[in-house]
Amino acid sequence: MNLHEYQGKEILASFGVRIQRGIVAHNAKEAVEAAKQLTAETGTGWHVIKAQVHAGGRGKGGGVKLAKNLKEVEEIANQIIGMNLITPQTSAEGKKVHQVLVAEDVYYPGESETSEFYMSVVLNRATGKNMIMYSTEGGMDIEEVAESTPHLIFTEEIDPATGLLGFQARKIAFNLGLSGTAFKEMTKFVASLYKAYVESDSNMFEINPVLKTSDDLIMAVDAKVSIDDNALYRRKKYADMRDLREENAIEVEAREVGLNYVDLDGNVGCMVNGAGLAMATMDLIKMAGGEPANFLDVGGTADAKRVEEAFRIILKDPNVKAILINIFGGIVRCDRVAQGVVDAYKNMGDAMKVPIIVRLQGTNAELAKEIIDNSGLAVESAVQFQEAADKVKAVLA
Ligand code: GDP
Ligand code: MN
């Protein structure tokens with residue numbers, strides 16, 4: 001589950017990580033009030049107005065702007081709230097902005113220069129360890145850095161059994177070229193960031209930029225956080241941060257009925273049991289010249305009710321031109337599934353608008369084929385994988 005920047009920063013602050021302070025606003029009036037309050041608390045009169053959407057690259061898309069007075073706060077907030085923000089990480093249509101973070105300007109001129117670093121904590125699945133990635137080349141072009149000068153990105157692996165060790169935090173601060181106050185600040189920053197990552201059950205904490213201010217403080221200016229969905233049951237506080245407006249509407253509905261569904265761009269709907277078979281089915285569709293419209297794992301039960309729910313979810317995607325059902329009947333018998341498909345199809349009535357190809361293999365497969373073939377419905381059966389692919393191709397042609 002992804003979070004907004006302001007929510008990520010809230011979590012960071014609760015673990016003692018220094019953050020660029022800010023207040024969320026839903027309209028220009030609230031933005032001006034927020035700016036006044038921040039000025040009263042911090043003293044600097046400049047603010048940065050930041051679109052809150054689940055996508056990076058906001059700066060490049062015009063979603064992060066500096067306001068030098070209250071009039072500019074109002075103007076910029078009016079401009080950003082309600083806009084469709086298009087960034088390198090959104091679709092071509094962009095994302096609607098419902099709220100902004102009004103933050104104190106932390107790049108104000110001082111005795112010395114500010115520096116922008118990159119830092120993230122992620123799970124390295126290959127080694128089964130956590131990993132801190134960091135670079136002196138922080139800011140808006142980290143993807144470019146990763147591509148053309150990957151040697152400028154360092155990694156530090158952390159054994160979850162021991163946690164982050166003191167020397168590792170010092171090594172990171174040293175590699176970032178820091179000394180004195182900034183060095184000490186950075187070791188503290190790294191330790192609290194790592195703690196926040198572990199204790200919130202996150203998959204990812206990406207802070208870009210981490211800023212060294214002109215008075216040598218180290219703080220998080222941005223926060224991209226993703227919490228492990230499987231841990232949300234024990235992290236109620238974070239689960240409540242979910243913003244459904246940012247998520248795919250069909251995926252949200254599928255989750256509500258307990259289906260594993262991922263929306264994709266193609267035209268062939270898939271209903272499969274088991275994630276591995278679901279992926280193989282998507283390959284099969286591609287090889288037949290189609291494009292999968294979704295990934296859908298119906299799980300262990302494939303009775304009429306479940307199949308009908310899956311049909312309804314798949315058909316919410318207007319691009320679907322055919323549905324391929326590929327189910328292996330191990331514990332669940334194929335004839336039961338076949339009967340489920342027939343009953344679900346009938347229940348759907350006029351809502352069922354596309355041809356269906358069903359491949360059932362396993363226990364009682366022959367009986368299942370008979371049920372499908374004798375149903376008198378626009379449902380075709382297939383026995384072999386290739387046969388299913390050919391039939392998909394034929395209905396798409
Ligand atoms: P992103 O583009 O979605 O990653 O959004 P960020 O939160 O990283 O902001 C984009 C850029 O805005 C940062 O890389 C900074 O260079 C700049 N920025 C953020 N906060 C401030 C600020 O307080 N003052 C100034 N002058 N620039 C800022
Ligand atoms: Mn950023």
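**Entry 1: Asn-364.** I looked up Asn-364 in this predicted model and found it in the loop between strand 17 (356–362) and helix 12 (365–373). Its phi is near 60 degrees, a positive value in a residue other than glycine.

**Entry 2: Asp-201.** I then turned to the loop between helix 6 and strand 10, where Asp-201 is placed. Asp-201 is not a glycine, yet its phi is positive, near 55 degrees. Is Asp-201 buried or exposed? I noted a relative accessibility of 14%, so Asp-201 counts as buried.

**Entry 3: the manganese ion.** I asked which residues coordinate the manganese ion (ligand 2). They are Asn-208, through O, and Asp-222, through OD, at 2.2 Å. Asn-208 belongs to strand 10 (residues 202–212), whereas Asp-222 sits in the loop between strand 11 (218–220) and strand 12 (224–227), 14 residues apart. I found both Asn-208 and Asp-222 to be buried. I also noted that the peptide bond from Asn-208 to Pro-209 is cis, with omega near 5 degrees; Pro-209 is likewise placed in strand 10.

**Entry 4: helices 5 and 6.** I examined helix 5 (residues 166–175) and helix 6 (residues 180–199), whose axes come within 8 Å and cross at roughly 130 degrees. Helix 5 is therefore oblique to helix 6. The crossing is right-handed. Helix 5 contributes Ala-169, Arg-170, Ile-172, Ala-173 and Phe-174 to the contact, and helix 6 contributes Phe-183, Met-186, Thr-187 and Val-190. By class, I recorded seven nonpolar residues, one polar and one charged.

Methods
Residues numbered from 1 in each chain as written. Chains lettered and ligands numbered in written order. Predicted model: local features only at pLDDT ≥ 70, side-chain atom pairs only at ≥ 80, totals over all residues. Heavy atoms only, no water. Axes fitted to C-alpha atoms, helices over the stretch in contact; angles between N-to-C directions. Helix = DSSP H or I, 4+ residues; strand = E, 2+ residues; numbered from the N terminus. Parallel < 35°, antiparallel > 145°, perpendicular 65-115°, else oblique. Left-handed = near helix turned anticlockwise from the far one by under 90°. Contact = heavy atoms within 4.5 Å. Nonpolar A, V, L, I, M, F, W, Y, C, P; charged D, E, K, R; others polar. Donors = N, O, S within 2.8 Å, 3.2 Å for Na, K, Ca; no water. Buried < 20%, exposed > 50% of the residue type's maximum accessible area, 1.4 Å probe, protein only.
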